[in-house]
Amino acid sequence: MTLVMVVDDDQDLSEMLGIVLTGAGIDVDLVSRGDEALEVFRNNPPDLVLLDVMLPGLDGIEVCRLIRAESMVPIIMLSAKGDSHDVVRGLEAGADDYMVKPFKHPSELVARIRTRLRRTNTEISGLLSIADLAIDVTAHQVQRAGKQIALTRLEFDLLVALAKEPGRVFSRDALLSEVWGYRHSTDTRLVNVHVQRLRAKIEHDPERPEIVVTVRGVGYKAGVMGGS
Amino acid sequence: MNRIFSVFRKSLAPKVIISTLVLCLGVIYVAGSALNSQLSAGIKKVNLQSTIIEANSTIFSAQYRFLLAQGSKNTAVKKVIDDIISSTTSLTSNENAREVVFLKSPGNSRKINYEITSNLVDPKSIPESLSKKTRKNIDYAFGYMTIHYVNGSRIAGLAVGQKVTIPNAGQYEMYILYSLVNQNTTLKLIQSYLLLTGLFLIILIGLITWLVVRQVVRPVRQAALIATQFTAGNFSERMNVRSEDEISTLSNAFNEMAESLEKQIARLENLSRVQQRFVSDVSHELRTPLTTLRMASEIINSARDGFDPMLARSSELMVAQLDRFERLLEDLLEISRFDAEVAVLDAVDFDLVELANRCADDLALVAKERSTELRMYAIAETITIKADIRRVERILRNLFSNAIDHAEEKPVAVTIVASDHDVAIGVRDFGIGLDESTLMRVFDRFWRADPSRARTRGGTGLGLSIALEDARLHNGELEAWGRPGKGAHFVLTLPRQVGTHVTARLIKLQPDDFYE
């Protein structure tokens with residue numbers, strides 16, 4: 001069974017989240033303090049982390065950074081502030097997605113969690129190659145010259161989404177629906193921040209990207225190195 | 001010339017210095033002229049007195065010698081005359097030349113003529129007026145004149161004349177002419193010294209004025225400079241206070257003002273920070289329980305099929321009202337962000353036509369419920385702009401749903417026009433419209449066009465005021481037009497590039513289809 005670690009200091013909300021997730025057939029591990037989160041995470045590694053930003057003991061963003069430093073587990077931040085600053089900080093700390101309280105529907109939360117947990121790109125399998133990267137879609141691995149590059153599941157999905165059709169320009173909206181499963185989202189920060197993080201891992205020079213190329217005013221495309 | 005005037009207009013120092021100099025020049029001129037005339041009058045008087053005394057004694061001695069020569073021969077008399085002339089004219093340099101002139105008095109009919117002048121002085125030098133006075137006076141007579149020499153040179157002079165009787169020759173007039181070259185040189189010297197002193201004084205006064213003005217103007221200039229820095233946002237500058245005069249009072253007052261301004265601004269900044277903090281705290285504190293509430297209500301609502309009708313309806317109402325509560329909270333938080341001036345623009349490139357179509361699609365169902373529709377008329381298939389897409393979307397949703405609400409089952413026309421710099425969206429409905437007083441308040445917070453109208457769509461009453469703030473944040477404009485029964489027209493104009501300003505109104509606020 002899937003295990004989700006919920007880190008939130010509001011007991012009532014935590015309980016409610018527990019009820020909703022349990023109802024969807026997901027096990028929950030409730031943590032109420034930021035400084036306890038990492039220990040619980042290590043003792044009982046979950047499949048996904050739901051992390052509030054404001055936490056006693058240790059800031060949610062800091063917790064996110066610590067977890068990301070040792071695991072590629074999907075992390076969804078829960079933010080009470082619609083503040084873009086907070087959201088971007090969370091994403092930069094390594095969160096894959098974020099949800100702003102209050103959620104529209106409990107089902108939305110469950111859907112997001114499932115999106116992050118599901119195996120994407122089931123329609124393609126085998127090997128892809130883009131520039132000097134070898135992507136094993138089935139094994140969820142990326143290699144450069146035989147050396148493995150560690151990507152989070154989301155970063156991997158993003159790379160595969162672009163790499164399976166090299167040269168095609170994806171708008172940010174298209175990527176949001178393809179990778180994050182959003183139907184109508186206009187929050188392109190999500191895409192921008194993750195593209196930056198992906199570049200930091202796979203590009204030779206993240207300042208002059210050659211694999212994930214920006215198409216001004218439109219979006220991104222997977223470039224062929226040395227080519228266009 | 002204009003430049004000189006502009007220097008005068010713009011700077012205090014030249015104005016003060018020039019006016020001081022002009023006034024001083026006047027004073028010095030008057031004083032100098034008075035001094036000059038007094039001095040020259042005095043010198044002339046003293047000179048005249050001594051000259052007359054000397055002339056009198058010379059003439060007296062001549063008369064005495066003529067008296068002694070009474071009865072002598074003509075040659076002896078001639079010798080006496082020569083002696084007199086040589087003794088009088090000797091021992092004189094050019095500058096104090098003394099000349100003697102003997103003129104035969106009219107009426108003297110003696111044949112012998114002793115008319116003589118020393119050193120080739122033209123006898124015509126003696127003016128007629130002096131001759132007359134000399135003849136008339138028993139005593140001496142004097143007059144200022146010009147000494148003409150036969151060789152043509154002339155010098156200013158003073159003549160003293162008296163009647164003398166020459167033995168064997170009758171009555172003559174004896175004139176002693178004194179050169180005034182020396183005296184005039186002295187006078188000229190005095191004049192030039194006075195002029196020099198005047199000039200020196202003017203320069204000195206100019207210099208002193210400049211120093212004084214600088215002392216006064218410098219603090220004023222400093223104050224102006226610091227005030228400019230204040231405008232630029234630098235509140236740390238202060239004026240130097242070195243003494244206890246009026247200038248230092250000014251400086252102190254200025255510094256106190258600066259201090260108080262700085263404090264006020266700091267206080268306001270702090271208030272704004274507190275406000276921002278408060279908004280963020282309220283946000284967090286309210287959102288968390290609301291999240292729990294919503295999830296709980298959804299779970300209850302999802303099980304409503306098993307409820308009895310009253311309970312089922314109650315759970316539906318609860319969900320709907322929570323929705324509304326959330327929208328209200330969002331809008332209130334947005335408004336307080338605008339009030340605290342912490343709203344930020346997150347600009348990206350996007351296609352406005354696509355966004356408008358998406359907003360219209362999302363509202364299509366609502367429009368259908370109200371038997372209306374949104375008809376899009378875009379000038380191009382894609383219009384790319386750089387703006388905060390979230391805010392533009394919010395503006396469009398607000399305008400669209402507003403128009404649908406008031407369309408009275410008639411279609412709503414949405415026009416999108418773009419130029420190189422600007423983009424405009426007009427939303428025209430043909431519904432109940434707006435009257436004058438409504439137009440004035442349409443962007444006010446919590447204001448509704450018609451209080452008696454049912455709040456069917458559950459709007460918060462903040463939609464249009466938020467839309468206006470969103471437009472302003474983009475340096476854009478949002479305007480409303482309306483006539484009762486003729487519908488309304490809302491026009492949003494935005495610069496295509498965030499950070500620039502609107503250069504032209506691409507859509508007229510008063511619709512073309514409307515005639516008064």
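# A walk through chains A and B

Start with chain A, where you'll find eight helices and twelve strands (helices are DSSP runs of H or I with at least four residues, strands are runs of E with at least two, and both are numbered from the N terminus). What you have open is a predicted model, in which local features need pLDDT of at least 70 and side-chain atom pairs count only at pLDDT 80 or more, while totals for chains, interfaces and linings use all residues. Residues are numbered from 1 along each chain as its sequence is written, and chains are lettered from A and ligands numbered from 1 in the order in which they are written.

**Stop 1: chain A as a whole**

Colour chain A by burial. Of its 228 residues, 43% are buried (20 or more other C-beta atoms within 10 Å of the residue's own; 12 or fewer makes a residue exposed, anything in between partly exposed, with C-beta atoms placed from the backbone).

**Stop 2**

Select A:M1, in the segment ahead of β1 (3–7) of chain A. A:M1 has 6 other C-beta atoms within 10 Å, so it is exposed.

**Stop 3: the largest core**

Next, pick A:V4, A:V7, A:L50, A:L51, A:C64, A:M77 and A:L159. These have the most contacts inside the largest nonpolar core, a set of 66 residues (a core joins buried Ala, Val, Leu, Ile, Met, Phe, Trp, Tyr and Cys residues through C-beta atoms within 7 Å). Which helix of chain A supplies the largest share of this core? Helix α6 (residues 153–163) does, with seven residues. The core lies between domain 1 (3–117) and domain 2 (127–222) of chain A, because both give residues to it (the bounds come from an automatic or database domain assignment).

Stay on α6(A) for a moment. Nine of its eleven residues are buried, so the rest of the structure largely encloses this helix. The buried set is A:L154, A:E155, A:F156, A:D157, A:L158, A:L159, A:V160, A:L162 and A:A163. Zoom in on A:L159: beyond its neighbours within four places in sequence, it is in contact with A:I135, A:V142, A:L151 and A:L198.

**Stop 4: a loop in chain A**

Move to A:A145, in the loop between β8 (141–144) and β9 (147–149) of chain A. Check the backbone here: A:A145 isn't a glycine, yet its phi is positive, at about 50°. Buried or exposed? A:A145 is exposed, with 7 other C-beta atoms within 10 Å.

**Stop 5: over to chain B**

Show chain B, with its eleven helices and twelve strands. Here 27% of the 516 residues count as buried. Of the contacts in chain B with a separation of 6 or more, 66% come from residues 24 or more positions apart. Colouring by pLDDT (the predictor's confidence in each residue, from 0 to 100) is handy too: chain B averages 84, and 95% of the residues score at least 70.

**Stop 6: a second core and B:A488**

Select B:F350, B:A418, B:A467 and B:A488, which are among the 45 residues of a second, separate core. B:A488 sits in strand β12 (residues 487–495) of chain B and counts as buried, with 27 C-beta neighbours inside 10 Å. Leaving out neighbours within four places in sequence, its contacts are B:H406, B:D429, B:G433, B:L434, B:A480, B:W481 and B:G482.

**Stop 7: another positive phi**

B:E408 is in the loop between α9 and β9 (412–418) of chain B. Its phi is near 55°, a positive value in a residue other than glycine. B:E408 has 15 C-beta neighbours inside 10 Å and so counts as partly exposed.

**Last stop: where the chains meet**

Display both chains and select the contact, made by 19 residues from chain A and 23 residues from chain B. On the chain B side, α6 (246–302), β6 (347–351) and α9 (389–405) each give two or more residues. Which of them gives the most? α6(B), with 13 residues. Colour the chain B side by class and you'll get seven nonpolar, seven polar and nine charged residues (nonpolar is Ala, Val, Leu, Ile, Met, Phe, Trp, Tyr, Cys and Pro; charged is Asp, Glu, Lys and Arg; the others, Gly among them, are polar). For the complex, the predictor gives an ipTM of 0.75 and a pTM of 0.55.

Note on methods:
Two residues are in contact if their C-beta atoms, placed from the backbone, lie within 7 Å.
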